[in-house]
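Hi everyone, thanks for coming. Have a look at what's on the screen, and I'll talk you through it.

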Amino acid sequence: MAEWTPKPPRPAPASSVGLGAWARRNLFATPGDVALTVLGSIFIIWLGNMLLDWALINASFSGDDRTACLKPEQGACWPFIDAKLGQFIYGRYPEAEIWRVNLVFLFGFAGLVPMLVPSAPLKSFNIAFLLGLYPVFTFIMLTGGLFGLPRVETTDWGGLLVTLVVAVTGIAASLPLGIVLALGRRSRLPVIRYLCIGFIEVFRGVPLITVLFMASVMLPLFLPDGVNFDKLMRCLIGVALFSSAYMAEVVRGGLQAIPKGQYEAAAALGLGYWKTTRLIVLPQALKLVIPGIVNTFIGLFKDTTLVLIVGLFDLLGIVQFHFTDASWATPETHITGYVFAGVVFWSFCFAMSRYSIFMENRLSTGR
Amino acid sequence: MSERSIIARWRARVGLHDVLAQILVALVLLMAVYWLVGNVISNLERQNIASGFGFFNERAGFGINQTLIDYDEDNNYGRVLAVGLLNTLLVSVLGIAAASFLGFFIGIGRLSQNWLISKMAMVYIEIFRNVPLLLQIMFWYFGVLRNLPVPRQSLSLGEFIFFNNRGFMLPAIHAGEGALWYLLAVIVSLGAFFWLKRRARQMLMATGNIATVWRPTGTLFLLALLTAYLIAGVPFQFDIPVLRGFNFRGGISIIPEFVALLLALSLYTASFIAEIVRAGIESVDRGQREAAAAIGLTGPQALNLVIVPQALRVIIPPLTSQYLNLTKNSSLAVAIAYPDIVSVFAGTTLTQVGQAVEIILVTMLIYLSLSLVTSLVMNWYNARIALVGGTHG
């Protein structure tokens with residue numbers, strides 16, 4: 001007697017697999033869907049066509065001045081970017097000294113990348129480098145005046161260099177300041193508590209531009225006669241104070257999410273306020289609010305553009321400044337410049353937001 | 001024991017050295033303030049800068065290209081402040097309305113079953129929220145609107161609306177005396193709408209029947225308009241802009257600075273609002289949707305009666321902070337010289353008067369009050385839509 005063998009399962013019906021079925025499910029499910037898909041496709045084709053025409057087909061790619069970008073139906077004027085790229089990255093930093101900036105960029109990159117990869121080794125060594133050695137190195141390299149390096153005034157800094165200096169300093173200063181403010185806001189000492197609340201609410205209630213105005217026109221009045229410091233430095237202080245107030249609120253969210261049992265357990269172990277905070281509360285609270293912290297960083301990075309209003313030349317500021325160059329004045333120069341700056345800013349911000357999502361998924365353990 | 005009571009116990013244990021620490025902090029702060037104020041006073045004396053708010057009554061002597069109230073060069077700085085504040089409010093209120101509208105649709109689109117629509121919404125959000133707002137404002141202003149043709153070669157829409165590098169020219173409507181009847185018609189219809197809506201809600205709660213509000217209101221509105229027409233005829237005159245010489249006369253002209261700022265603020269903030277709306281709708285449990293389907297609600301009914309009211313509770317607090325952000329971000333107007341408060345008061349007035357301390361402080365105080373008022377209004381709305389009866393919410 002032949003042994004019973006099951007028939008092989010039949011393949012799924014042709015109507016539920018493959019590209020056609022996917023499209024039926026996701027694009028053409030209902031008549032309304034069909035209409036939306038058709039309209040959407042028309043819009044995308046129209047927009048894509050326009051962008052392609054502008055960025056590639058009608059664009060100029062080589063030339064030495066505005067005459068390269070004056071044909072009828074002119075698209076993007078890429079030679080403008082090509083000619084000014086050095087300015088856009090380094091500003092008026094002396095050409096002979098640009099290697100110093102490059103070295104700073106290189107070391108920053110080399111220090112940051114292994115920091116961001118969770119599996120990379122030697123984390124504590126890396127942190128010590130980034131927080132201890134690197135800032136000192138950067139300061140000496142960029143300003144000079146020591147070890148035979150010629151001095152470069154900050155008024156000559158510009159472009160991406162200034163954007164990154166403002167953003168990185170702001171990020172590095174706002175996180176610790178924000179943590180202190182958040183702890184202060186939950187302090188049991190009323191004087192400290194109200195001071196922190198006042199600071200946070202004032203800085204969150206006003207626009208950054210008024211803070212920068214304050215730093216650039218009001219701060220000199222607050223200092224004794226003859227004492228004055230660098231405009232870049234003043235803006236750095238303004239940006240750092242401003243974003244620390246936002247950081248404080250993000251950190252406070254994390255602090256409030258720590259269950260009371262954690263405090264009780266710490267108290268039961270005999271830990272005091274500082275040890276409880278440092279060993280029990282902060283590590284958990286900060287981990288909870290990493291997305292919020294990165295969002296604040298992204299906001300800060302975008303906000304660095306505001307320094308152009310008080311007369312510093314960050315990336316956007318220097319692009320804007322070079323529009324005044326008569327040898328490149330064409331109708332398309334502005335849009336080309338803005339698109340270039342936009343793509344640069346976008347890449348940084350998008351990378352940060354993706355990294356935040358990656359860390360969020362990685363850290364979402366046990367909750 | 002709640003966390004609050006732990007903190008309360010901690011506070012009760014404030015010891016002697018805590019008191020001393022606080023006194024020390026307060027002392028250091030007072031000394032710092034004393035030192036700073038001393039510096040300010042001596043600096044002001046040395047630079048011969050007046051102090052106080054007397055400058056508010058001085059003649060400003062500069063023109064402003066968009067004023068909601070009467071203003072000319074002979075008005076004083078106090079009037080400048082009022083003009084700037086109104087311009088800030090105008091762009092903020094319109095920006096909030098536009099950004100909410102756009103953000104809501106994009107947020108819904110992000111959740112669409114349609115793959116293409118959902119991806120388009122995603123691309124929009126990722127592009128607009130990751131590019132600095134200042135860059136977007138400058139892009140629209142210097143890149144697009146200033147690049148429009150000169151008035152003589154204006155782009156036009158049906159010979160009524162014109163676009164050129166001096167702004168948008170729209171037809172103005174001049175209302176005669178009979179227009180009051182039309183206003184009355186609108187007010188009556190609005191009143192009827194809210195009254196009917198209230199009644200419909202009461203009926204829904206009492207009997208479960210859903211009454212339509214739009215049909216009776218619409219009929220009433222048409223009837224009211226007809227009555228107004230029969231009484232007053234057409235009391236409106238259209239003032240269409242016409243090209244005279246090098247620029248347009250007549251109509252309403254909207255300055256390009258305003259258009260650029262409004263456009264950039266709305267598009268930028270809409271990308272954040274879309275994400276908030278998406279998160280809010282996703283936060284509503286799937287079971288709610290299934291339950292709504294099970295009791296026979298149609299798609300739009302389920303959205304209106306079940307999903308949106310619950311999603312709003314999640315949406316309102318972050319939405320409030322976006323509104324506040326938009327209001328504060330309107331200060332970037334200074335980069336394109338839209339005459340908002342920062343531009344005309346903390347900018348031009350500061351340059352002319354030189355009293356940095358007073359002017360910056362007044363500007364900050366105004367923004368603080370604006371933030372406070374917006375928060376209060378939104379908190380009131382939030383409390384109104386919060387769970388009634390406070391169950392496990």
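This is a predicted model: local features need pLDDT of at least 70, side-chain atom pairs count only at pLDDT 80 or more; totals for chains, interfaces and linings use all residues.

Residues are numbered from 1 along each chain as its sequence is written, and chains are lettered from A and ligands numbered from 1 in the order in which they are written.

So, chain A. Its domain assignment gives domain 1 (78-93 + 152-360) and domain 2 (94-151); bounds like these come from an automatic or database assignment. Taken over C-alpha atoms, the centres of domain 1 and domain 2 of chain A are 19 Å apart. Where they meet, 7 residues of domain 1 of chain A are in contact with 10 of domain 2 of chain A (in contact: C-beta atoms, placed from the backbone, within 7 Å).

Next, the two chains: 54 residues of chain B are in contact with 46 of chain A. Which helix gives the most to chain B's side? That's H2(B), with 11 residues. Helices here are DSSP runs (H or I, at least four residues), numbered from the N terminus.

Last one: H14 of chain A, residues 333-363. Its 31 residues reach 45 Å from first C-alpha to last, close to the 45 Å expected at 1.5 Å a residue (that's 1.5 Å times one less than the number of residues). Among its buried residues are Gly337(A), Tyr338(A) and Phe345(A), buried being 20 or more other C-beta atoms, placed from the backbone, within 10 Å of a residue's own. What covers the buried residues of H14(A) includes H3, H12 and H13 of chain A, together with H5 of chain B.

Definitions and conventions:
Helices (H or I, at least four residues) and strands (E, at least two) are DSSP runs, numbered from the N terminus. A residue is buried if 20 or more other C-beta atoms lie within 10 Å of its own, exposed if 12 or fewer, and partly exposed in between; C-beta atoms are placed from the backbone.
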